[in-house]
Amino acid sequence: MKFMTVEIWTDITCPWCGLGNHQLNLALEKFKHGKQVAVVHRSFQLDPSTPEGETWSTREFLQRKGLPEAQIEAMVGRIEAMAAAQGLSPYVVLDNRVGNTSRAHELAAWARESGKGAQIWGKLYAAYFGEVRSVFDVDSLVAIAGEVGLDTDAAREVLTSRRYRNAVLADGAEAQQLGSTGVPFIVLDRSFAVSGAQPVEALVNALEQVWGNRTPLAELAGASDDAVCGPDGCLVPQTPDSRSAATKKSIIGPSSSQSGQPHVTKLTLISAPTCPFVQRAVIALKEKQVDFDVVYVDLADKPDWFLALSPLGKVPLLKVERDGFEPAIVFESAVILEYLEETTSGDKLHPQDALERARHRSWIEFGSQVLIDLYRLTTAKDEAALDAASAAVRDKFARLEPTLVGPLFGGERFSNVDAAFAPVFRQIDAIETIVPTGLLDGLPRLGAWRWTLAARPSVKTAVPDDFVQQYLGHLCKNVSLLLKPASSDVH
Ligand SMILES: N[C@@H](CCC(=O)N[C@@H](CS)C(=O)NCC(=O)O)C(=O)O
């Protein structure tokens with residue numbers, strides 16, 4: 001099953017961006033493989049140096065740039081008319097306010113990690129251009145987060161801690177590396193770039209071309225990048241009709257094999273931020289120092305393209321793009337580990353000896369069962385279920401204890417079994433920030449292994465830095481009995 005990644009870089013108060021984002025959504029509805037497209041929203045701040053904490057009337061802002069009133073009215077009138085023609089009405093550009101958009105981007109970067117990138121960007125544009133609401137201050141942004149179903153306390157923490165500031169800057173830097181000077185900037189499968197808010201038909205055309213042709217594309221005639229906002233302001237075509245239905249082309253990297261030898265060119269891990277099975281693959285990729293991209297999905301609201309790709313409706317999925325081949329999907333975490341071991345360079349994470357290797361595979365499967373027991377433990381609805389799940393985990397840990405060599409599973413070398421169990425201990429660590437579990441009591445080798453894994457850089461960086469908050473948030477939402485201090489004597 002094929003699928004395509006579409007990345008869109010935009011700013012928030014940029015009028016072409018709201019329109020470009022909307023036109024991309026319309027194009028994906030028209031594109032016959034739209035359900036097989038993963039859209040990744042990325043940040044591009046047109047003027048990161050704008051002072052924070054202040055806003056200005058957009059009209060005055062444009063006047064201060066030296067634009068005559070009549071020109072401003074004509075320019076904005078045309079943008080508003082084009083927006084209205086696409087169903088965006090009201091679309092208030094001039095009687096609005098501008099300011100530093102960093103915080104709104106930080107909120108969006110965080111929401112992307114929860115699989116809510118499309119929702120938050122849609123809501124930010126609707127709030128700003130449609131309802132003339134502020135997208136600059138913490139309280140307004142927290143309210144917007146709540147309206148797309150994000151946890152408002154967590155959103156406030158993200159906005160006040162500024163933890164996502166660097167992620168926003170990194171997004172912008174990446175767009176520049178890819179050749180963007182303004183936004184909106186849309187990149188299809190990292191092989192074709194569309195600059196400016198292009199008409200829906202042009203976007204559908206570009207999607208079809210990239211879908212059907214993964215070799216470098218011929219230059220399309222009549223390139224138009226005039227519906228674009230840059231650091232110095234927004235350009236407007238003379239008339240809407242003067243804009244060509246063609247798209248600007250830019251090949252970012254080679255997409256066909258020169259040698260005829262198949263080899264991995266790009267790996268994308270389709271993930272959820274707290275999934276322990278996903279972490280196994282992330283840890284292995286980091287241990288092997290293999291580059292990869294991450295696309296998050298919201299498992300509570302699985303997108304159609306994901307359901308089309310995932311035979312079991314689960315993450316992780318590994319999308320593998322090789323020169324000269326259709327992209328392929330590998331599913332099941334243990335199989336992904338095997339595939340990485342066989343195809344990537346970097347440290348080997350399986351033993352050389354066939355019997356030892358088979359033993360390691362057996363213990364990885366055992367680790368999957370422990371994760372299932374832990375899931376039962378954290379979702380138990382009554383004391384009996386809680387006791388049974390707790391006993392199942394402790395029994396399995398007791399069986400594991402004598403097989404551990406230490407400090408890692410098989411000795412000094414990191415292996416796939418370590419990658420498989422690190423997420424088990426991470427979940428226990430998170431739970432134990434609230435209640436003791438006693439799951440590792442009396443198991444000194446497992447205890448030492450747990451801390452060795454927790455200190456490992458590949459393990460530490462395998463999750464978003466608010467993992468504990470997100471994971472415990474899920475447990476609280478499910479009213480986990482485990483988190484009730486009254487039940488802590490059971491485990
Ligand atoms: N056996 C699978 C388990 C993967 C799994 O359970 N993933 C969970 C998230 S951690 C999932 O996608 N659940 C969604 C669902 O079951 O609807 C593997 O090892 O990859």
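**Overall features**

Reply: In this predicted model, 42% of the 491 residues of the protein chain count as buried.

Me: How many helices and strands are there in the protein chain?

Reply: The protein chain has 18 helices and twelve strands. Among its contacts between residues at least 6 apart in sequence, 75% join residues at least 24 apart.

Me: What is the mean pLDDT of the protein chain?

Reply: The mean pLDDT is 87, and 90% of the residues reach 70 or more. Over residues 215–224, however, the pLDDT is below 50; this stretch has 24 contacts in the model beyond near neighbours in sequence. Residues 486–491 also stay under 50, with 14 contacts beyond four places in sequence.

Me: Let us turn to the ligand. Which residues come nearest?

Reply: There are 13 residues around the ligand, and C275, F277, K314, V315 and S333 come nearest. The elements giving two or more residues to this shell are α10 (276–287) and α12 (333–343).

Me: And what is the make-up of the shell by class?

Reply: It has eight nonpolar, three polar and two charged residues.

Me: Staying with α12, which of its residues are buried?

Reply: S333, I336, L337 and L340 are buried in α12. They lie on the same side of the helix, because they cover an arc of only 100° around the axis.

Me: What do the buried residues of α12 pack against?

Reply: They pack against α10, β11 (317–322), β12 (328–331) and α15 (416–431).

Me: On to the largest nonpolar core. Which members touch the most others?

Reply: That core has 125 residues, and W16, L107, L124, V183, I186 and L188 touch the most other members. As background, nonpolar side chains tend to be buried together in soluble globular proteins.

Me: What does W16 touch, leaving out residues up to four places away in sequence?

Reply: W16 touches P184, G196, A197, A227, V228, C229 and C234.

Me: Now a charged residue. Is R42 buried or exposed?

Reply: R42 is buried, because 24 other C-beta atoms lie within 10 Å, and the cut-off for that class is 20 or more. R42 lies in strand β2 (residues 37–43).

Me: Which residues does R42 touch beyond four places in sequence?

Reply: R42 touches E7, I8, W9, D171 and A175. The C-alpha atoms of R42 and I8 are separated by 5.8 Å, although the two residues are 34 apart along the chain.

Me: Which residues other than glycine have a positive phi?

Reply: R190 has a phi of about 50°, and Q289 has one near 55°. R190 lies in the loop between β5 (185–188) and β6 (192–195), whereas Q289 lies in the loop between α10 and β10 (293–296).

Me: Why does Q289 count as exposed, and R190 as partly exposed?

Reply: Q289 counts as exposed because it has 11 C-beta neighbours inside 10 Å. R190 counts as partly exposed because it has 19.

Terms used: Residues are numbered from 1 along each chain as its sequence is written. This is a predicted model: local features need pLDDT of at least 70, side-chain atom pairs count only at pLDDT 80 or more; totals for chains, interfaces and linings use all residues. pLDDT is the predictor's confidence in each residue, from 0 to 100. Two residues are in contact if their C-beta atoms, placed from the backbone, lie within 7 Å. A residue is near a molecule or strand if its C-beta atom, placed from the backbone, lies within 6 Å of it. Helices (H or I, at least four residues) and strands (E, at least two) are DSSP runs, numbered from the N terminus. Ala, Val, Leu, Ile, Met, Phe, Trp, Tyr, Cys and Pro count as nonpolar, Asp, Glu, Lys and Arg as charged, and the others, Gly among them, as polar. A residue is buried if 20 or more other C-beta atoms lie within 10 Å of its own, exposed if 12 or fewer, and partly exposed in between; C-beta atoms are placed from the backbone. The arc is that of the directions from the helix axis to the C-beta atoms. A nonpolar core is a set of buried Ala, Val, Leu, Ile, Met, Phe, Trp, Tyr and Cys residues joined through C-beta atoms within 7 Å.
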